[in-house]
Amino acid sequence: MCGIALIVSGVRFDLPSSAINDSTPHSLRSVSDQQLVFSIDDIEAALRRRGPDSLGTKKLFLQLGISCSPNPEIVSFADGKEAVQSGECCCHRGGDEGSCGFALANGRTDGLQSYFAELHFFGATLQLRGMSPIVQPLLDSSGNILVYNGEIFGGIHIGSDENDAEVLLRALKGCCSCNTHLDKRSCHCDKSGKSSVVDILSRIRGPWAVIYWQDSSRTLWFGRDAFGRRSLLVHWPTVEDSRFMLSSVSPISSVDQSSDLEAEHGTTSLKFWEELPCGIYSMTVDARNVDGCLVAEVKKHEWADAVLKNLIKWERACVEPGPEELHTSRCKMLVAQHGVQSAYSNILPSDSGSIQAPVLVPAETALISLRESVRRRSSLHTVFQADTCGVEKQLVPVAILFSGGLDSMILAALLNECLDPRYEIDLLNVSFDGESAPDRISAKAGVKELRRIAPSRKWKLVEIDSDLSTLTFETKHVMSLISPSNTYMDLNIGIALWLAAGGDGWVYEENSHSNYEGYRRVRYRSKARILLVGSGADEQCAGYGRHRTKYRHGSWLGLHEEMKLDMQRIWKRNLGRDDRCIADNGKEARFPFLDEDVIKVFLDIPLWEVTDLDKPSGAGDKKVLREVAQLLGLYEAASLPKRAIQFGSRIARESNRKNFGSNRAANQASAGSVVIHTKSGLN
């Protein structure tokens with residue numbers, strides 16, 4: 001997990017949908033302190049919480065009409081930060097010197113104020129891979145600059161001792177720079193074995209957000225993975241602030257200064273930050289001879305990977321069952337509920353009477369895919385060993401955000417299968433009602449069941465207790481993390497995730513015993529830097545109440561369309577917010593249910609095998625996952641109903657009482673969509 005950011009100033013943007021309409025050229029505007037809604041120190045502090053191992057910055061300057069040398073120079077400043085002065089004048093492109101659109105500076109640090117454009121890169125790193133310590137931004141010998149936040153689980157080979165950001169930079173360095181992405185022309189570089197930047201980024205399997213300067217084409221590339229599993233916020237240039245900005249997270253002060261723009265009826269007329277929609281973008285900088293400005297054209301690109309395109313469309317081949325198919329499916333579920341643990345041994349006769357090979361039922365196919373997904377996300381790569389935080393020195397390298405519910409129980413059982421037996425597993429559970437919260441009750445029951453199926457593993461239930469009335473400073477901090485989301489529901493979820501990911505709670509001294517009575521609770525803080533989270537399970541397996549409503553009103557097709565909508569907006573409604581709240585603790589969230597292969601497997605399963613909403617809650621919803629739990633021996637967990645974290649932890653109840661006086665008043669106010677008015681403070 002890393003924190004990345006970019007600030008571009010002195011460039012006029014060609015944005016068809018932009019509100020920019022100012023007679024003063026943006027490239028000539030000075031960036032004053034009054035324009036800043038946050039300082040550089042603010043953004044560095046916010047990023048450093050995500051990437052505590054290192055923090056670096058680099059500045060790239062672009063200027064008009066100065067002769068240049070062919071190679072980039074690096075100028076060191078007194079504060080230890082670096083500025084990369086770059087550009088290509090026409091004397092290196094066959095043009096006339098003096099009419100050049102760009103120039104590489106001559107290396108002098110005096111007169112820096114004369115530069116027309118500045119690109120300021122920031123990178124904070126939580127290093128989980130690589131033998132040597134790295135400091136972002138990364139710079140290669142060709143003048144390319146990369147800041148990367150993500151993990152590469154497939155698509156590009158990463159050795160066990162390699163760092164994925166460094167491998168990605170090497171791959172991007174070999175990309176073509178013919179700028180065919182600007183128009184409809186075809187690229188001929190593939191004949192010489194070169195890939196495009198879009199090709200490389202489309203290959204990545206795993207969560208990522210990236211900012212990359214390709215020096216040879218004067219193009220800035222940025223974007224996030226197809227499902228938005230890593231946060232990347234954007235500030236598009238406006239009349240009030242002409243800079244273009246990207247950041248993993250919003251500094252606190254930018255939330256404070258934009259909060260007075262909230263409208264009366266729960267909408268916002270302007271937000272400083274937006275969630276960048278998933279995809280790959282390019283910003284190509286060029287000179288405009290008419291007014292001497294540097295102009296940037298922003299373009300969004302199609303994914304280059306056919307499999308990824310199909311996953312994004314989220315189309316299922318088998319949506320509506322025939323009567324016989326539905327009857328067969330329910331019979332299989334009935335058999336499973338009566339104790340058949342696996343169908344691997346099923347031998348089916350063919351029409352000719354011969355014996356066919358064993359056939360995997362959908363739950364077994366899902367289990368195989370989920371097990372591999374957890375294995376990818378729990379493999380401990382060789383990591384640079386600092387004095388205080390080497391992975392091998394940790395007894396608990398991986399933890400789980402744990403409610404004791406169906407999804408987190410499946411992840412715990414699979415992690416037990418994939419993680420070396422010598423490691424302990426922390427189960428992080430948050431409660432705002434002590435031992436009485438539903439999630440605390442189910443978590444304790446879940447640990448007992450896990451100890452039954454894996455008695456040799458040391459499970460640590462970390463009980464994180466909190467009182468919402470005492471979290472004044474913390475609440476303000478989390479409000480900056482959930483931004484641009486700004487409802488009480490988002491805040492409640494954000495606080496619960498932030499506290500749980502922090503891992504600061506209590507454990508029982510004799511935690512290996514199943515009986516809690518008579519054992520003293522002691523303070524404990526989880527040191528795990530990797531957190532497994534169950535996001536994506538409900539969207540793909542019909543776990544929400546609205547799915548049942550859609551099924552009743554629109555049958556199978558209506559259900560499919562609602563699930564498709566959920567998956568196509570999960571980046572905006574859930575994942576960006578969740579990533580920011582968890583990563584703020586210096587932890588990396590990993591989402592096994594949102595692995596590309598897992599998504600494909602779920603789509604290949606007929607919808608009636610995924611869920612059966614004619615049955616009650618806790619039985620037919622998320623049917624395929626309940627069968628997976630049974631295959632893992634988690635029979636109690638297999639029958640648990642869905643419960644969202646804000647309700648299971650009881651933070652929603654406490655928030656309603658605090659801000660509205662009661663649950664009833666909150667319901668009348670439709671609290672889930674009520675915008676938080678921070679200028680007047682929380683009630």
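## Note on aromatic packing and burial

1. Trp273 counts as buried, its relative accessibility being 2%, where buried means under 20% relative accessible area, exposed means over 50% and partly exposed lies in between (1.4 Å probe, protein chains only). The model is predicted, so local features need pLDDT of at least 70 and side-chain atom pairs count only at pLDDT 80 or more, while totals for chains, interfaces and linings use all residues. Residues are numbered from 1 along each chain as its sequence is written, and side-chain values use heavy atoms, with hydrogens and water left out.

2. Rings of Phe, Tyr and Trp (its six-membered ring) are paired if their centres lie within 6.5 Å, and planes under 30 degrees apart count as stacked, over 60 as edge-to-face and the rest as tilted; the count comes to nine aromatic pairs. Phe13 and Phe244 form a tilted pair, because their ring centres are 5.1 Å apart and their planes stand at 35°. This pair links distant parts of the chain, 231 residues apart, with Phe13 in strand β2 (residues 12-14) and Phe244 in strand β12 (residues 244-247); helices (H or I, at least four residues) and strands (E, at least two) are DSSP runs numbered from the N terminus. Phe13 is buried at 7% relative accessibility, and Phe244 is buried at 0%.

3. Phe38 and Trp273 make a stacked pair, at 6.0 Å centre to centre and with 20° between the planes. Here too distant parts of the chain are linked, 235 residues apart: Phe38 lies in the loop between β2 and α1 (40-50), and Trp273 in the loop between α4 (252-258) and β13 (274-275). Phe38 is buried, with a relative accessible area of 3%.

4. Phe13 and Phe244 also belong to one aromatic cluster, together with Phe222, Trp236 and Tyr281.

5. Helix α8 (residues 406-418) has 13 residues and spans 19 Å from its first C-alpha to its last, close to the 18 Å expected at 1.5 Å a residue, the expected span being 1.5 Å times one less than the number of residues. Ten of the 13 residues of α8 are buried, so this helix is largely enclosed by the rest of the structure; among them are Leu406, Asp407, Met409 and Leu415.

6. For the chain as a whole, there are 20 helices and 22 strands, and buried residues make up 57% of the 683 residues. Of the contacts (heavy atoms within 4.5 Å) with a separation of 6 or more, 74% are between residues 24 or more positions apart.
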